[in-house]
Amino acid sequence: FRNKLIMLGLSLAGLVLLMVAAPIEPDTRGQLLSFLGIMLSAAVALSSTTILGNVMAGIMLRAIGNFRVGDFLQVEGYFGRVTERGFFHTEIQTEERDLTTVPNLYLVTHAVNVIRSSGHFMRASVSLGYDVPRTEVERCLLAAAAAADLQDSFVHILDLGDYSVTYRVGGLLKDVKSLLTKRSVLRAEMMDACTAPASRSSRRPS
């Protein structure tokens, strides 16, 4: 990407130097330089169009550096792992292992949630009846988080309903490459851990 920008700048500079060094009349040289300036101004003015807009958005995303190849990102209805970043688009691999091309202009004009490859706090919630002791629920959920290879796990009480209590368990997932499967693994471990203490109450994993 850096080499492409350098080549573009060198090409423009070489074109200007060629016009200046060419054995032509000063008036003609001035007209050519004016024409080049008009062309560059027109290119900047057209940056709001789709093609040039995506190029400008790609440069902006590179300058900001909010995500890299290997990070997971979610923007509107798109979610996946970044596999390629180009001038015009960003390519992500979805949960179905399909490759989706997202225009850079779309990423600039929408809120982007980035999951860094260095780690991600994963969480899930479950509702259990009041007849299940809170300490027992916390113990089981922490055990489920440990079984799902989550670090620094925690349990929060989200809501006290009329008939049930909503708990949330979460923890740090170091290997984000397994993020998609670990979401299911965590919920499966929660079901297994909550079966014994919650056998007499309704369970609604979410």
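Trainee: Why is Asp-149 called partly exposed?

Mentor: Keep in mind that this is a predicted model. Asp-149 has a relative accessible area of 46%. Buried would need under 20% and exposed over 50%, so Asp-149 falls in between and is partly exposed.

Trainee: Where does Asp-149 sit, and what is its phi?

Mentor: Asp-149 belongs to the loop between helix 5 (134–147) and strand 7. Its phi is near 65°, a positive value in a residue other than glycine.

Trainee: What makes the contact between Lys-182 and Asp-149 a salt bridge?

Mentor: The closest N and O atoms of Lys-182 and Asp-149 are 2.8 Å apart. The criterion asks for a side-chain nitrogen of Lys or Arg within 4 Å of a carboxyl oxygen of Asp or Glu, so this pair qualifies as a salt bridge. The pair links distant parts of the chain, with Lys-182 in helix 6 and Asp-149 in the loop between helix 5 and strand 7, 33 residues apart.

Trainee: Is Lys-182 buried or exposed, and how do you know?

Mentor: The relative accessible area of Lys-182 is 14%. Buried means under 20%, therefore Lys-182 counts as buried.

Trainee: How many salt bridges does the structure hold?

Mentor: There are three salt bridges. One of them joins Arg-134 to Glu-138, with the closest N and O atoms 3.0 Å apart. Another brings together the side chains of Arg-139 and Glu-136, at 2.5 Å from N to O.

Trainee: Why are Arg-134 and Glu-138 separated by about one helical turn?

Mentor: Because both belong to helix 5 and are four residues apart, about one helical turn separates Arg-134 from Glu-138. Arg-139 and Glu-136 also lie in helix 5, three residues apart, about one turn of the helix.

Trainee: What makes Arg-134, Glu-138 and Glu-136 partly exposed?

Mentor: Arg-134 has a relative accessible area of 43%, Glu-138 has 22% and Glu-136 has 27%.

Trainee: What about Asp-152: why is it called exposed?

Mentor: Asp-152 reaches 59% relative accessible area. Exposed means over 50%, so Asp-152 is exposed. Asp-152 is placed in strand 7, and its phi is positive, about 50°, although it is not a glycine.

Trainee: How do you know that Tyr-163 counts as exposed?

Mentor: Its relative accessibility is 74%, and the cut-off for exposed is over 50%, so Tyr-163 counts as exposed. Tyr-163 is in the loop between strand 7 (151–160) and strand 8 (164–173). Its C-alpha atom is separated by 8.5 Å from that of Leu-128, 35 residues apart along the chain.

Trainee: Which class does Ala-188 get, and why?

Mentor: Ala-188, in helix 6 (residues 179–195), has a relative accessible area of 34%. That value lies between the 20% and 50% cut-offs, so Ala-188 is partly exposed.

Trainee: Which residues form the nonpolar patch on the surface?

Mentor: Leu-5, Met-56 and Ile-59 form that patch, with about 240 Å² of accessible area together. Met-56 is located in helix 3 (residues 50–64).

Trainee: What lines the second largest pocket, and how do its residues divide?

Mentor: The lining includes Phe-72, Arg-81, Gln-93, Glu-95, Lys-177 and Leu-180. It divides into two nonpolar, four polar and four charged residues. The space in this pocket is about 200 Å³.

Trainee: And what is the pattern of helices and strands along the sequence?

Mentor: The protein has six helices and eight strands, and they follow the pattern α-α-α-β-β-β-β-α-β-β-α-β-β-α. Of its 206 residues, 33% are buried.

Terms used: Residues are numbered from 1 along each chain as its sequence is written. This is a predicted model: local features need pLDDT of at least 70, side-chain atom pairs count only at pLDDT 80 or more; totals for chains, interfaces and linings use all residues. Side-chain values use heavy atoms; hydrogens and water are left out. Patches are made of residues with over 30% relative accessible area and no salt bridge: like charges are joined within 9 Å, nonpolar side chains (Val, Leu, Ile, Met, Phe, Trp, Tyr) within 5 Å. Accessible areas come from the Shrake-Rupley method with a 1.4 Å probe; for residues, only the protein chains shown count as cover. Helices (H or I, at least four residues) and strands (E, at least two) are DSSP runs, numbered from the N terminus. On a 1 Å grid over the protein atoms alone, a cavity is a set of points where a 1.4 Å probe fits but cannot get out, and a pocket is an open set with protein on both sides within 12 Å along at least five of seven lines; lining residues have an atom within 4 Å of a point. Grid points are joined across faces, edges and corners, and a volume is the space filled by probe spheres set on the points. Ala, Val, Leu, Ile, Met, Phe, Trp, Tyr, Cys and Pro count as nonpolar, Asp, Glu, Lys and Arg as charged, and the others, Gly among them, as polar. Buried means under 20% relative accessible area, exposed over 50%, partly exposed in between (1.4 Å probe, protein chains only).
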